[in-house]
Amino acid sequence: MRQILLIIIKEFKQIFRNRILLPLIFMMPIIQLLILANAATFEIKKIKLAIIDNDKSHISKNFAYKLQSGDYFKIIDYPNSIKDAEKLLETNSIDLYIYIPNNFERNLAKEHTEKIGVVVNAIDGSKAGVSFNYLLNNIASYQSELTKTFGNKINLQIAQSPKIISNDYYFWYNLNQDYKIYVVPGLLVLLITIVGIFLTAINIVREKEIGTIEQINVTPIKKIEFIIGKLLPFWLIGMFELIFGMIVARIVYHIPVLGNPLLIIGFASIYLTLVLGIGLLISTASQNQQQAVFISWFFMLIFVLLSGLFTPIENMPPLVQNITLFNPLKYFIEVIRLVMLKGSTFSDIKLQFFMTTLYSLVINSIAILVYRKSS
Amino acid sequence: MSNNFAIKTIDLTKKFGNFTACDNLTFEVHKGEIFGFLGANGAGKTTAMKMLSGLLSPTSGTAKIADYDIYKESEKIKKNIGYMSQKFSLYDDLTIQENINFFAGIYGLSNKLIKEKSEVVINELDLKKQQNKLVGSLPLGWKQKLAFSIAIFHNPAIVFLDEPTGGVDPVTRRQFWDLIYQSAERGLTVFLTTHYMDESEYCNRIAIMANGKLAAIGTPKELKESNSSSSMNDVFIQIARGKNYV
């Protein structure tokens, strides 16, 4: 026990004296949460819009007004012709334009049906898709408003679009579709994974690189004591960062924690043993800090892209979905979102608990075996 | 086996795949002796030393270190040896006192003993002013003297020094050897490798390795006589070339 304690004391002294590591440990969470949470958004606001209003009626003006009243659309111009509108589109001044035909108001009143034209700039495909969907939403809600005004069922359609896609979306657990609420818990997981893998791998391999590992190996310290003494400080730092991050998320972004925060902390305590094991395994495979960083980076990239943090796992091809079963990040992101946003209890996340515990046992056994053999 | 030996090996061999780094080494080192281990680069000195200090396990053969069996009692061996490698092996980002506290603590010395003894050692090395400075800020020669003192801090029976004076200036090297002599007088067995031939003359006995084999062993005087040379330099060049094995 004294041996382990001596190593832990030594590690903390070295970490707090490291001019690169220390700022990284304490600046990283703040930067990730304050900057990335704002950058990593799927939300599109202020879509630039032009309207060719050939009707210039009360209804058509009201329609434009309604579009602009939300945060999503900003009307840039009212061009007179399609040619002018195309020019705006080509110069990137607008993202889309709407064509409102003559007799818009009259047709709606008499025939209860009318078509409008929509042209979307699809250079950025995902933005175009989102913009179009927002527009459909707006049209649909305007349609029901018109139905009330005229007292008849009104059918407002987009020309050349076979049907209006049903827009009865209702978002559970994140009612306002606030992406920060969705992204921030994932970022917290990313944060402690970086601490776990990168810092651990670098720290252990550093002793190999500067040669002190030989000095340690001739002392009576057992390898398992050395490993525990090396890993425990980063486990503590990881737990600290998570709790610190959760407090920042609460204060800055008002992210609700519907479930029991202790459940997240409990899960993190197991999850961290897993990522520390991965860090240890990487350190045994590398000879110096550079190699450790490259290998860590390689795995980190795969873990992040296949984690469901930015892209839903359900949208991936079946083969890739199976690969994500080996991604530790995936389980924690699921857990933290379930507990924070949905208020899930332990029985809902049993599977993730089980998988992570099992995974940690396997990885750590391998890491310790390889470590014993390699040095 | 006599109790007068600090190290006794019989046919100690280490193979890496097809390459035999140490080939049937059989020799003894007496207690309290300063034993020099010489050889060209790649002759197998460091491998031999790593086996003796428990960093590598031998492929075959036996060895007793401080009367403990190299296979069965490696934990006891570790408690009774000190080791200092050619690579500087203290923590640059810890202070002198912290390095002492860490390594002495690992060997199980009580805090009280560490405190008392470190005061003596720091005074001996004349490092009182630097006591709370980071080790990284010390000149190399001072670092090596400190590393030696820390390697023998826990009173081991044997200390292994792997090219301890590499890159150190002549004056500091002289001081380093004073430290070695002082320790040997107190009964410490010193087992060291070196490339400096003048240093080899300071040793009680020398072994020279060539191509993984023990090519010669004896006092510096004996080796010079049997090779009819006037200097250790000539002896070394003749033997290390691998012409005449014992």
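**Notes on the predicted model**

1. Q130(B) touches I96(B), L138(B) and W142(B), not counting residues up to four places away in sequence, where contact means heavy atoms within 4.5 Å. Q130(B) is buried, with a relative accessible area of 16%; buried means under 20% relative accessible area, exposed over 50% and partly exposed in between, with a 1.4 Å probe and protein chains only. Q130(B) lies in the loop between α4 (111–124) and α5 (140–151) of chain B, helices (H or I, at least four residues) and strands (E, at least two) being DSSP runs numbered from the N terminus.

2. This is a predicted model, in which local features need pLDDT of at least 70 and side-chain atom pairs count only at pLDDT 80 or more, while totals for chains, interfaces and linings use all residues. Residues are numbered from 1 along each chain as its sequence is written, chains are lettered from A and ligands numbered from 1 in the order in which they are written, and side-chain values use heavy atoms, with hydrogens and water left out.

3. Chain B holds an open sheet of four strands in the order β2-β1-β4-β5, with antiparallel pairing; two strands pair if DSSP finds at least two bridges between them. Because β2 (19–30) and β5 (68–69) of chain B stand at the edges, each with a single partner strand, one side of each is left without a neighbour in the sheet. Strand β4 (residues 60–65) of chain B pairs with β5(B) in the antiparallel sense over two bridges, and I65(B) stands opposite Y68(B) in β5(B).

4. The largest nonpolar core has 123 residues, and those with the most contacts inside it are F332(A), L146(B), F148(B), L161(B), I180(B) and I208(B). Such a core is a set of buried Ala, Val, Leu, Ile, Met, Phe, Trp, Tyr and Cys residues joined through side-chain atoms within 4.5 Å. Helix α7 (residues 179–210) of chain A gives the most to this core, with 17 residues. A second, separate core of 29 residues includes F27(B), A48(B), M49(B) and F191(B).

5. Leaving aside neighbours within four places in sequence, F332(A) is in contact with V189(A), I192(A), L242(A), I264(A), F267(A), A268(A) and Y271(A).
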